[in-house]
Amino acid sequence: MSVINAYQQQFHEDFSLFLRSRAKEMASKGRIVLSFMGWRSPNPYADEAGYQWELLARALMSLALDVPGLVEKEKTDSFNAPYYTPSPEEVKCQVENEGSFVVVDVKSFGIEWDAGDWINCKISSGNRVAKTIRAVVELMLENYFHLGVEMMDELFKRYAKKNILKLIVYFLSIPVAPARLARR
């Protein structure tokens, strides 16, 4: 089973458990709103679904080449971030399959990383995305690769700067999918 399939299966199991647990707490006909970072494509193998990890891997390999002995290639090849983002269609399907709720609405909208500030967009978008991804993975990277604060700072500077145009293209279009559900 591929890593993506394993993470997708785990998401399905965890999300179903979450829905069952919330259904027990809610009154009949009660409502809940959930918000997910996700992808437009229902295909978890689409380029957009894992691109932030590809950019992070490139930044890590760049750092490893410049600082010999910092990171073993085998470790970079075996590192997998336990992170999965569903498409709006996948959220809807999971809710319907679990059966405790009825999907009232699922919408998708993009994240505005710079609040419309296109003048300073290139630099600030890269930095904001790097900070967001760092908040998600810094502890995992520290525990797995044993990078110090200085190397971690350098890694995320590279992540933001070296891939700035790619970050803008991919991350300015990340959809967030709020789902409104009603308890059966």
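Helices (H or I, at least four residues) and strands (E, at least two) are taken as DSSP runs and numbered from the N terminus. On this basis, the protein chain follows the pattern α-β-α-α-α-β-β-α-α-α-β along its sequence, which comes to seven helices and four strands. The model is predicted, so that local features need pLDDT of at least 70 and side-chain atom pairs count only at pLDDT 80 or more, whereas totals for chains, interfaces and linings use all residues. Residues are numbered from 1 along each chain as its sequence is written, and side-chain values use heavy atoms, with hydrogens and water left out.

Of the 184 residues in the protein chain, 41% are buried, a term that denotes under 20% relative accessible area, with exposed meaning over 50% and partly exposed in between (1.4 Å probe, protein chains only). Contact is defined as heavy atoms within 4.5 Å. Among the contacts in the protein chain with a separation of 6 or more, 80% are accounted for by residues 24 or more positions apart.

Helix α1 has 23 residues and reaches 33 Å from its first C-alpha to its last, close to the 33 Å expected at 1.5 Å a residue; the expected span is 1.5 Å times one less than the number of residues. The buried residues of α1 include Gln8, Phe11, Phe15, Ser16, Leu19 and Ala23.

The axes of α1 (residues 3–25) and α4 (residues 88–98) come within 10 Å and cross at roughly 55 degrees. The two helices are therefore oblique to one another, since angles under 35 degrees count as roughly parallel, over 145 as roughly antiparallel, 65 to 115 as roughly perpendicular and the rest as oblique. Axes are lines fitted to C-alpha atoms, for helices over the stretch in contact, and angles run from 0 to 180 degrees between N-to-C directions. In this pairing, Gln8, Phe11, His12, Phe15, Ser16, Leu19 and Arg20 of α1 meet Glu90, Val91, Gln94, Val95 and Glu98 of α4. By class, the contact comprises five nonpolar, four polar and three charged residues, where Ala, Val, Leu, Ile, Met, Phe, Trp, Tyr, Cys and Pro count as nonpolar, Asp, Glu, Lys and Arg as charged, and the others, Gly among them, as polar.

Ser16, in helix α1, counts as buried because its relative accessibility is 15%. Beyond its neighbours within four places in sequence, Ser16 is in contact with Gln94 and Glu98. Asn97, in helix α4, is exposed, with a relative accessible area of 58%. Asn97 and Ser16 are 81 residues apart in sequence and 8.6 Å apart in space, C-alpha to C-alpha.
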